[in-house]
Amino acid sequence: MPVNMETVDCICTNLRTAALAGTEFYDARLKPSGLKVTMFRLLRQIQRTPNATLTILAKRMGLDRSTLGRNVRVLERQGLVAMTTSDDERSKDLFLTSEGIRTLALALPLWQKAQADMQALLGPETDHLIETLRNISELSHSDAAKASLYEN
């Protein structure tokens, strides 16, 4: 008899469903800025990371370098980020353009309101949920954890 994934307490299914709902929640609230939450997150990381390169940002954001590169190119085409020119093609610093700074300044209060709204929805368990999600995220960064998954 096939298992109905909708009714099973599948952690993976619930995590993915929650991630999609959370993304839609933030995207809707950031819409007046013209950013999606994925773009907002990347702009904030560039803003917060001195000498931000694709390699450094990929590590900080938990993304592979090629995925991050594609996302950066979208922001570049929109005029929100630019790269320094350098003799070394492998390592270019990313920075926000004046349009990127302006767009991020417009989006930040929208994101802060979304944060407050989400915290109100989640209630007093918010801090515990964030800690749990961080612990789950660490699984993908831990080689020991990856190895132990395949031992059983």
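A salt bridge is counted here when a side-chain nitrogen of Lys or Arg lies within 4 Å of a carboxyl oxygen of Asp or Glu. The model is a predicted one: local features need pLDDT of at least 70, side-chain atom pairs count only at pLDDT 80 or more, and totals for chains, interfaces and linings use all residues. Residues are numbered from 1 along each chain as its sequence is written, and side-chain values use heavy atoms, with hydrogens and water left out.

The structure holds 3 salt bridges. In one of them, the side chains of Asp 117 and Lys 113 meet at 2.7 Å, N to O. Asp 117 and Lys 113 are separated by about one helical turn, because they are 4 residues apart in helix α5. Helices are DSSP runs (H or I, at least four residues), numbered from the N terminus.

Asp 117 also forms a salt bridge with Arg 29, at 3.8 Å from N to O. This pair links distant parts of the chain, since Asp 117 is in helix α5 and Arg 29 is in helix α1, 88 residues apart. Arg 29 counts as partly exposed because its relative accessibility is 31%.

Another salt bridge joins the side chains of Arg 102 and Glu 99, at 2.7 Å from N to O. Both residues lie in helix α5, 3 residues apart, about one turn of the helix. Arg 102 is partly exposed at 46% relative accessibility, and Glu 99 is partly exposed with a relative accessible area of 34%.

Which residues make the nonpolar surface patch? Ile 11, Leu 15, Leu 121, Leu 122, Leu 129, Leu 133, Ile 136 and Leu 139 make this patch of about 690 Å². Patches are made of residues with over 30% relative accessible area and no salt bridge; like charges are joined within 9 Å, and nonpolar side chains (Val, Leu, Ile, Met, Phe, Trp, Tyr) within 5 Å. Accessible areas come from the Shrake-Rupley method with a 1.4 Å probe, and for residues only the protein chains shown count as cover.

Helices α1 (11-30), α5 (98-122) and α6 (126-141) each supply at least two residues of the patch. Helix α6 gives the most, with 4 residues. Leu 133 lies in helix α6 and counts as partly exposed, because its relative accessibility is 39%.

Methods:
Buried means under 20% relative accessible area, exposed over 50%, partly exposed in between (1.4 Å probe, protein chains only).
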